[in-house]
Amino acid sequence: SATVGRSIIGAGDEIRGEVTGSVLGSGVVVGEGAIIRDSIIMKDTYIGKGTYIEKSIIAENCKIGENCKIGVGEYAESKLNPKVYAFDLVTIGSDSEIPDNVEIGKNTAIHGVTADADYQNGRLESGCYIVKEGESA
């Protein structure tokens with residue numbers, strides 16, 4: 001069942017999971033059993049079933065797979081830009097895609113359509129980043 005606490009929810013959102021302390025833009029879909037905590041999800045982004053998201057900023061038009069764990073694991077400083085990618089946040093750029101069943105650490109940045117092959121053992125370690133060819137973070 002859907003629960004929403006201390007959050008701002010946009011027009012036309014479909015919440016089938018749990019949203020706490022977060023801001024969701026319009027047209028966001030939160031799949032069944034997904035949990036979103038202390039995050040900002042911009043408009044027209046889809047969050048798959050059973051996915052857990054914490055302390056993340058996810059831009060518009062993203063597709064996040066099922067059963068992902070985002071914003072988890074040990075602390076590590078960003079290798080991309082420690083001044084920008086900090087405070088344990090996960091930053092996912094607009095029009096990005098995350099495949100099912102991946103784990104994404106803290107202070108990470110992702111931009112572009114990613115696939116299983118982009119994640120070593122299904123993980124993006126804390127402090128690491130994936131910026132696809134022709135994209136800029």
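Partly exposed, as I use the term today, means a relative accessible area between the buried limit of under 20% and the exposed limit of over 50%. Lysine 132, at 24%, is therefore partly exposed. One caveat before I go on: this is a predicted model.

Lysine 132 forms a salt bridge with aspartate 118, with the closest N and O atoms 2.8 Å apart. Aspartate 118 sits in the loop between strand S17 (108-111) and S18, and lysine 132 in the segment after S19, so the pair ties together parts 14 residues apart in sequence. Aspartate 118 has 26% relative accessibility and is also partly exposed.

The salt bridges come to 5. Glu103, Arg123 and Glu125 form a network of them. Glutamate 103 meets arginine 123 at 3.4 Å between the closest N and O atoms. That pair joins strand S16 (residues 103-104) to strand S18 (residues 123-124), 20 residues apart. Glutamate 125 reaches arginine 123 at 3.8 Å, N to O. Relative accessible area is 27% for glutamate 103, 29% for arginine 123 and 41% for glutamate 125.

Next, the sheet. Its 7 strands form an open sheet with parallel pairing, in the order S2-S5-S8-S11-S14-S17-S19. The edges are S2 (8-9) and S19 (129-131), each pairing on one side only. Between S5 and S8 there are 2 bridges, and leucine 24 stands opposite isoleucine 41 in S8.

Serine 22, in the loop between strand S4 (18-20) and S5, is buried at 2%. Its contacts beyond four places in sequence include Ile8, Ile36 and Asp38.

Last, the core. The largest nonpolar core has 25 residues, and Ile98 and Ile104 touch the most other members. Isoleucine 104 touches Val72, Val90 and Ile98, among others.

How values were computed. Residues numbered from 1 in each chain as written. Predicted model: local features only at pLDDT ≥ 70, side-chain atom pairs only at ≥ 80, totals over all residues. Heavy atoms only, no water. Core = buried A, V, L, I, M, F, W, Y, C linked by side-chain atoms within 4.5 Å. Buried < 20%, exposed > 50% of the residue type's maximum accessible area, 1.4 Å probe, protein only. Contact = heavy atoms within 4.5 Å. Pairing = 2+ DSSP bridges. Helix = DSSP H or I, 4+ residues; strand = E, 2+ residues; numbered from the N terminus. Salt bridge = Lys/Arg side-chain N within 4 Å of Asp/Glu carboxyl O.
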